[in-house]
Amino acid sequence: MDQNFMKERPIFPLVTAMSLPMVLSMLVNALYNIVDSYFVAKISEEAMTALSLVFPVQNAATAVGVGFGIGINAASAFFLGAGDKKKADSVITQGIVLSGVHGILLTISCMAFMPGFLKLFTEDPQVIRDGIAYSGIVFLFSTALTAGVAFEKIFQAVGMMKVSMACMLVGCVVNIVLDPILIFGAGPLPSMGVRGAALATGIGQAASLMAYIIVFVRKPLPVRFRLSREVMREKVCRRIYLVGIPATLNIGLPSLLITALNGMLAPFSQMYVLILGIYYKLQTFIYLTANGIVQGIRPLVGFNYGAGRGDRVKGILKVALGLGAAIMALGTVLCMVFPEMLMGLFSENPRTVGEGAKALRIISCGFVVSTVSVIISGTFEGLGRGLPSLAISLIRYVAFIPVAFVLRGFFGVEGIWSGFAVTEVLAAAASLFMLKRSRIL
């Protein structure tokens with residue numbers, strides 16, 4: 001398969017062709033997250049609160065898989081662009097093997113960590129039981145998650161976005177179909193509650209992995225898996241981690257933020273912890289869609305940078321910023337116009353819906369400006385520059401904590417919600433500054 005189209009096709013149709021399958025995949029992925037939460041919310045508010053408390057740890061586990069996958073993606077795309085197929089083979093071989101190891105370690109550590117973690121934020125015995133029941137099953141599938149993401153990034157690196165989309169859809173559809181069956185029971189299958197939601201998620205991840213493996217084995221790719229001493233190179237492994245570790249921290253930082261926010265909100269009311277959890281379920285629908293553009297441009301940036309085409313990298317960045325801003329503007333409109341309807345999907349409590357609607361309107365003020373930091377951060381990853389990308393994420397998530405703390409002192413809960421928009425403005429300004437100073441573009 002010839003990848004030269006990445007440096008020859010006109011930029012706008014190239015970016016849209018690479019990004020559209022990923023945007024559609026992310027939309028479905030976000031949809032199944034929302035559907036999952038929708039059915040769990042039908043069990044009880046305690047069950048939904050339990051999932052909200054488990055979410056930061058679940059997100060951290062996902063961050064390890066996706067972050068390392070980004071390292072695989074950036075390194076293999078760069079070597080393919082530079083015409084070094086042997087090193088590209090080394091990247092994907094080491095990437096697949098190490099992703100499996102990461103999954104095993106995540107299963108052990110997350111399952112041991114969860115009981116104590118839940119007790120930090122609630123004394124409600126039902127919430128703790130539901131949280132342990134859900135996490136005890138979902139983390140058993142960590143290896144399917146990390147290995148599946150590794151294959152996803154490999155297919156994206158070689159420009160096979162439609163294959164990546166199709167395999168992701170397999171897992172999403174399986175999850176959506178199984179959710180109501182396993183949660184509420186059907187025929188001979190008993191009602192499993194939150195355990196059913198976790199099992200549906202895990203089976204969906206395993207189904208995606210199997211689809212990737214089948215295509216990987218049967219379809220000729222410009223890279224291939226081959227275990228040998230020659231392929232297992234230390235320098236190549238280091239290059240993967242140089243992007244993969246900062247990318248993991250980038251994706252995992254929201255977990256730190258959510259944990260800190262849960263601590264700030266809990267003294268006001270457990271209701272606000274639930275609202276925060278619902279918001280993060282809803283915002284995945286918006287930000288995962290924008291992330292589809294990042295996934296589309298990342299291999300393009302890496303390939304063109306490896307081929308010495310800095311002019312095309314600039315053009316790719318400009319097109320991605322425009323497309324990302326359009327998506328975030330749509331998300332802003334939805335949260336401003338229909339916040340009660342969105343919150344009502346997950347709670348029937350009038351006070352929760354009302355306070356949640358107020359939170360959505362405030363937070364969504366920062367959506368459009370966040371496009372700048374999201375797209376520039378993804379561009380740095382494509383260039384193999386993990387540290388600037390990490391610095392942007394540190395501003396978006398770690399700096400948010402003192403901003404929210406100060407605003408809470410003046411405006412209470414509304415101050416915490418306002419911290420989202422204020423921090424996005426700071427992150428956008430810092431991203432533009434770093435891009436200008438980078439001397440890469």
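This is a predicted model: local features need pLDDT of at least 70, side-chain atom pairs count only at pLDDT 80 or more; totals for chains, interfaces and linings use all residues.

Visitor: Is the crossing of H15 and H17 left-handed or right-handed?

Guide: The axes of H15 and helix H17 (residues 413-437) come within 8 Å and cross at roughly 160°. Since angles over 145 degrees count as roughly antiparallel, H15 is therefore roughly antiparallel to H17. As for the hand of the crossing of H15 and H17, it is right-handed.

Visitor: Which residues of H17 make the contact with H15?

Guide: By class, the contact of H15 with H17 has eight nonpolar, two polar and two charged residues. From H15 come Pro388, Ala391, Ile392, Ile395 and Arg396. The residues on the H17 side are Thr423, Glu424, Leu426, Ala427, Ala430, Ser431 and Met434.

Visitor: How are H9 and H15 oriented to each other?

Guide: Helix H9 (residues 234-265) packs with helix H15 (residues 386-398) at an angle of about 5°, and their axes are 8 Å apart. Angles under 35 degrees count as roughly parallel. H9 and H15 are therefore roughly parallel.

Visitor: Is Ser377 buried or exposed?

Guide: Ser377 is found in helix H14 (residues 367-382). Not counting residues up to four places away in sequence, Ser377 touches Asn250, Ser389, Ile392 and Ser393. Its relative accessible area is 9%, and buried means under 20%. Ser377 is therefore buried.

Visitor: What is the angle at which H10 and H13 pack?

Guide: Helix H10 (residues 270-306) and helix H13 (residues 350-363) have their axes 10 Å apart. H10 passes H13 in a right-handed crossing. The two helices, H10 and H13, are oblique to each other. They pack at an angle of about 50°.

Visitor: Which residues of H13 meet H10?

Guide: On the H10 side of this contact are Met271, Tyr272, Leu274, Ile275, Tyr279 and Leu282. The residues of the contact of H10 with H13 divide into nine nonpolar, two polar and two charged. In H13, the residues concerned are Arg351, Thr352, Glu355, Gly356, Ala359, Leu360 and Ile363.

Visitor: Which residues have the most contacts inside the largest nonpolar core?

Guide: The largest nonpolar core has 92 residues. H10 gives the most to this core, with 18 residues. Leaving aside its neighbours within four places in sequence, Phe420 is in contact with residues including Leu261, Leu276 and Tyr279. Those with the most contacts inside the core are Leu261, Trp417 and Phe420.

Visitor: What is the relative accessibility of Asn73?

Guide: Asn73 has its place in helix H3 (residues 45-81). Beyond its neighbours within four places in sequence, Asn73 is in contact with Lys153, Gln156, Ala157, Arg298 and Pro299. Asn73 counts as buried because its relative accessibility is 0%.

Visitor: What separates the C-alpha atoms of Leu178 and Asp36?

Guide: Leu178 lies in helix H7 (residues 161-184). Along the chain, Leu178 and Asp36 are 142 residues apart.

Note on methods:
Residues are numbered from 1 along each chain as its sequence is written. Side-chain values use heavy atoms; hydrogens and water are left out. Axes are lines fitted to C-alpha atoms, for helices over the stretch in contact, and angles run from 0 to 180 degrees between N-to-C directions. Helices (H or I, at least four residues) and strands (E, at least two) are DSSP runs, numbered from the N terminus. Angles under 35 degrees count as roughly parallel, over 145 as roughly antiparallel, 65 to 115 as roughly perpendicular and the rest as oblique. A crossing is left-handed if the near helix is turned anticlockwise from the far one by less than a right angle, and right-handed if clockwise. Contact means heavy atoms within 4.5 Å. Ala, Val, Leu, Ile, Met, Phe, Trp, Tyr, Cys and Pro count as nonpolar, Asp, Glu, Lys and Arg as charged, and the others, Gly among them, as polar. A nonpolar core is a set of buried Ala, Val, Leu, Ile, Met, Phe, Trp, Tyr and Cys residues joined through side-chain atoms within 4.5 Å. Buried means under 20% relative accessible area, exposed over 50%, partly exposed in between (1.4 Å probe, protein chains only).
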